[in-house]
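I am opening a notebook on a structure that is new to me, and I shall write down what I look up as I go.

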Amino acid sequence: MRFELKPPPHALPTTSVPKVMRHVIYALAPAAFAHVWFFGWGICINALIATAAALGAEALMLRVRSRPVKPALLDGTATVTAVLLAFAIPPLAPWWVPVIGAVSAIVLAKHLYGGLGSNLFNPAMVGYAVLLISFPVEMTYWLPPRGAELGHSPVGAWDSLRFAVTGSLPQALAVDAVTQATPLDLVREGLTSMQTLAEVQAGPLFGGMGGRGWDWVNSLIAVGGLYLLFRGIIRWHIPVSMLAAIVVLAAVFHTIDASRFASASFHLFSGASLLGAFFIATDPVSAATTNRGRLIYGAGIGILVYAIRTWGGYPDGVAFAVLLMNATVPLLDRYTRPRIYGRPR
Amino acid sequence: MSTGTPIARGLLPERLIIPMDQQAGPAAVPVVEVGQRVRKGEMIGRPGGLRSAGVHASASGTIGAIREGPVPTVNGLTTSLCVHLQTDGRDEQAPSEGWPRERDARIDAICNAGIVGLGGAVFSTAEKLRDDAECDLLILNGAECEPYISCDDMLMREHPLEVVRGALAMMDLTGAESTVFAVERDKPDALRAVREAAAQLGDTRIEFARVPTVYPAGGERQLVELLTGREVPSGSYPPAAGCICQNVGTAFALDRFMRRGEPLTSRIVTVTGNGVAHPANVEVPIGTPIGDLIHFCGGYRGDVTRLILGGNMMGYALPGDDLPITKAGNCIVAAHADEIRESTGEWPCIRCGDCADVCPPRLLPQQLLRAATVRDFDQLDSLGLNDCIECGCCDIACPSQIALTERFRQAKQAWAVVSQRAAMADLATRRHRRKLARLAAQTEDIHRQQDDLIAAIGSEDSRAMIEAAVARASRRRGESDTAH
Ligand code: SF4
Ligand code: SF4
């Protein structure tokens, strides 16, 4: 009998890149449902457009770089990037918004840096940053959540789709009439116009822990994040250190002056804190890889998020905080190596 | 899958191929001749030096041939001198020599009896016991080294008394202050058996420890850390951390030798995998061709694509089944294609760090991979390439399914070659420098002689000096003429 000669280990691998990506999508599903419930079908339309654009850009770039196309398209990484981007784009968006975001993410952030595994910056956040800087107005087309009585019916699936394709709403509805600022925007604007927090948060968009609707979406994001933790797809270090940094800072400042600084729970449950902590900062490629590095990286993002939200020029700071900390990763990886077994302490 | 039935016995193949190179140290030296009749347990190879061990006939019969052949050793497939033994089925035993009284004589006897570490490393047991300088702890390793392997489990369940007695003998020989007997959590039957055996023997010195069933907890370095919190320094063995590790199979072999005078002529082998009809633990005479062992277990079943010696984490694939079982052979896996890893392409490393999370010596395989790809040996050194125990954990955990372990093995080899070459270049440079220095000294010598000559010219005995110089020169010419 002759047998094949292959080096050990012979045991089957326990996981694969597509499997990891599939679980990330599963973990996002409950939050996506909540998003649809509160803000309409926009997120699904955006996700579909962004995915198509991301896969197209991926195929094109692989062709240009003469790499095999099919395995890369099937690995699910471009899809995850697109879906995460869709969570960051307002539900009411003309089609070219997700397209430009996804193409920037794949081409600029991913392939110009050498493709999967080589990118320094988080692709979804690069896509988002490009959109935020290039189309600041379009990026504010958030809709009021279901249940906030604002005197008109929510924008339906058809209307969202129509808006995505044509860029206008039926019955001569003005975009400004249906869109609404996000809770973080409102807090920011309110505070700059000398309102107290309590006054701002008495508005119809607020309720529960964060903004109305947002608290549900974010709670389900946290559930999805715990699922990823439980499945061993992400480690606790980054989410815990990032959220801890936000909570500690928010609690300290809230205690100092509750009329100017929002509470820790508001910071947790509005904006992208939880999405960032569980799904974006944990993107393996652009995050620190050692456990100590991860703690520093997560804490750095948390601090930056709070600082940008509170004193910076943008209502939410997750994207910029992540991108800034991405740049520190090579250093973190290098200087946080664990002590090797049997080497001097 | 192979612990349901008792250890199968009675395997006696017609022909045994007994390699001289079965232990970590030098190969044994044959002491028999072709055509000679031997009885079971008779020495056929004497220890070939320090850290070597004796090799014995595993059955009675006639020596058919002594020749070089392929042997699966711990370092992979190599060639070694093998004694081919035609068995006669009579199972005649060689008379036993008895257990000496003196410690040194006992240790020599253990060496001659061919007892080596049966966990898979086949390190000389005598040497380990002799070398007890600062060891205060004896660790009995009852944790299997690999997930598929169950031979130690079965041995503890079926022969607890022998194992514990062997352990006690080891304690006495080493003078270790304490002994910890480590058994994995998922082997309660084995633990109960050895505990009861210790109680029956009236022993209270052995401490039993349940260790988690996490591969590779059975690895010595990991076990030492788990039990004592000490670390074995990089590049050395457990004694550097004050510990001696002995496998339970070795303890069993020692007890057999002490009580019955039988040298090591068989071992328990786990035969498993979907490709074998009746997976089992088998007591196998050393030198049994693997094919005979498989046949004993009901033969192959289905399409066997890979035959693995050792477990499926660290074992290596064999080209064929005509190779013998050696003292290191703890497990044979006959695997179907669907239960083993097929290297079907890899994704790029996504830097998830899963590999680092599972790496027992706490290396960063992902950073090692990058350094290995560009052969940056300085970087590989500081990342601890040589501390990699090649356990394969990182491969299994890697979502990109990168063959990390194999890359590290190759990088280690490349590094060895590079450092050898560097050492050679260094030697050549030093030689060259020495030669230059010698030449310079010679030149200086000649210059001094010339100076003397010049100084002498004009003086009274200048003539005599010149004559002497001419004579010296012609003598030298004569020398070099004869030299040519
Ligand atoms: S094979 Fe080497 S690098 Fe990989 S987990 Fe084992 S020790 Fe670590
Ligand atoms: S497990 Fe594989 S993909 Fe993840 S960091 Fe290690 S080598 Fe890279």
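**A loop residue in chain B**

I began with B:M314, which is partly exposed, its relative accessible area being 39%; the term covers what lies between buried, under 20% relative accessible area, and exposed, over 50%, with a 1.4 Å probe and protein chains only. Before going further I noted that this is a predicted model, in which local features need pLDDT of at least 70 and side-chain atom pairs count only at pLDDT 80 or more, while totals for chains, interfaces and linings use all residues. I also noted that residues are numbered from 1 along each chain as its sequence is written, that chains are lettered from A and ligands numbered from 1 in the order in which they are written, and that side-chain values use heavy atoms, with hydrogens and water left out.

I found B:M314 in the loop between β14 (306-309) and β15 (316-318) of chain B, where strands are DSSP runs of E with at least two residues and helices are runs of H or I with at least four, numbered from the N terminus. Which residues does B:M314 touch, not counting those up to four places away in sequence? I listed A:P8, B:E146, B:Y215, B:I389, B:E390 and B:C391, taking contact as heavy atoms within 4.5 Å. Between B:M314 and B:I389 there are 75 residues in sequence, and their C-alpha atoms are 9.7 Å apart in space.

**A sheet in chain B**

I then looked at an open sheet of three strands in chain B, with the order β2-β4-β5 and antiparallel pairing; two strands pair if DSSP finds at least two bridges between them. β2 (29-30) and β5 (55-56) of chain B each have a single partner strand and stand at the edges, so one side of each has no neighbour in the sheet. Strand β4 (residues 43-46) of chain B is joined to β2(B) by two bridges, and B:P30 stands opposite B:G45. Two bridges also join β4(B) to β5(B), and there I wrote down B:H56 as the bridge partner of B:M43.

**Chain A**

In chain A I noted 17 helices and zero strands. The radius of gyration of chain A is 21 Å, close to the 20 Å of the globule rule for 345 residues, so chain A is as compact as a globular protein of that length; the radius is taken over C-alpha atoms, and the rule is 2.2 Å times the number of residues to the power 0.38. Buried residues make up 54% of the 345 in chain A, and of its contacts with a separation of 6 or more, 76% are between residues 24 or more positions apart.

Is A:P239 buried or exposed? A:P239 counts as buried, at 2% relative accessibility. Leaving aside neighbours within four places in sequence, I recorded its contacts as A:I234, A:A277, A:F278 and A:T282. A:F279 is 40 residues from A:P239 in sequence and 8.8 Å from it in space, C-alpha to C-alpha.

Last, I turned to helix α9 (residues 183-192) of chain A, whose buried residues include A:L184, A:V187 and A:L191. Among the elements that cover the buried residues of α9(A) are α11 (214-230) and α15 (291-311) of chain A.
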